[in-house]
Amino acid sequence: MCPCMSGPHGVRVVEGKLDAKGLRFAIVVSRFNAFITEPLLEGAVGTLVRLGAAPADITVVWVPGAWEIPQAAARLLEQGDCDALVALGCLMRGDTIHFDLIASEVAKGLGTLGREGPVPVIFGVLTTDSLEQSVHRAGAKYGNKGAEAAQAAVEQATLHRALREGAGSAGHGEQA
């Protein structure tokens, strides 16, 4: 059976679902700006568990700062013990180009891992202009971006599974 459904005009549609049961997740989180990253982590773990992940299937790896996130993520992906990886951090713009350099390299590093690796890599690293923006994205005014990243990880992991299982083969009408 194809893990897809029929879309408009009879086209085949393949999409993930928000069911984390049986999936394994890795979360790499930056200790720098922990007053922001800890709520992001709480949101991510809470969302994964709410969507059916067993706590024992969630591995959290702390790194010193955002720069180290892609390095740890690469080691985790080499182990092959997760169905999706979530990267959490917080970079706030300052008066120097340091922010631009770090933000760019973290995004490039995680993007490369996601494109070239076997599992989804979700970018949950805040890149903000101010402390206020960071606070609002860590559970205040604009929700919790850690929770949103975890939800994306579940959807992408189930999508990757559906694509591996031959979503392009016969059958229609079932959502992944």
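This is a predicted model: local features need pLDDT of at least 70, side-chain atom pairs count only at pLDDT 80 or more; totals for chains, interfaces and linings use all residues.
Student: Which strands form the open sheet, and in what order?

Tutor: The order is E4-E3-E5-E6, four strands with parallel pairing. Strands (E, at least two residues) and helices (H or I, at least four) are DSSP runs, numbered from the N terminus. Two strands pair if DSSP finds at least two bridges between them.

Student: Which are the edge strands?

Tutor: Strand E4 (58–63) and strand E6 (121–128), each of which pairs on one side only. From one strand to the next, the twist averages 15°.

Student: How many bridges join E3 to E5?

Tutor: Strand E3 (residues 25–30) and strand E5 (residues 84–92) are joined by five bridges. Val28 stands opposite Ala87 in E5.

Student: Gly124 next. Is Gly124 buried or exposed?

Tutor: Gly124, in strand E6, is buried, with a relative accessible area of 7%. Buried means under 20% relative accessible area, exposed over 50%, and partly exposed in between (1.4 Å probe, protein chains only).

Student: What does Gly124 touch?

Tutor: Not counting residues up to four places away in sequence, Gly124 touches Leu40, Ala87, Leu88, Gly89 and Ala149. Contact means heavy atoms within 4.5 Å.

Student: Now the helices. At what angle do H2 and H3 cross?

Tutor: The axes of helix H2 (residues 69–79) and helix H3 (residues 98–116) cross at roughly 15° and come within 9 Å. Axes are lines fitted to C-alpha atoms, for helices over the stretch in contact, and angles run from 0 to 180 degrees between N-to-C directions. H2 and H3 are therefore roughly parallel to each other, a term for angles under 35 degrees.

Student: Which residues meet there?

Tutor: Ile69, Pro70, Ala73, Ala74 and Leu77 in H2 meet Val106, Gly109, Leu110 and Leu113 in H3. This contact of H2 with H3 has eight nonpolar residues, one polar and no charged. Ala, Val, Leu, Ile, Met, Phe, Trp, Tyr, Cys and Pro count as nonpolar, Asp, Glu, Lys and Arg as charged, and the others, Gly among them, as polar.

Student: Where does H3 lie on the sheet?

Tutor: H3 lies across E5 and E6, and runs at about 170° to E6.

Key
Residues are numbered from 1 along each chain as its sequence is written. Side-chain values use heavy atoms; hydrogens and water are left out. Angles under 35 degrees count as roughly parallel, over 145 as roughly antiparallel, 65 to 115 as roughly perpendicular and the rest as oblique.
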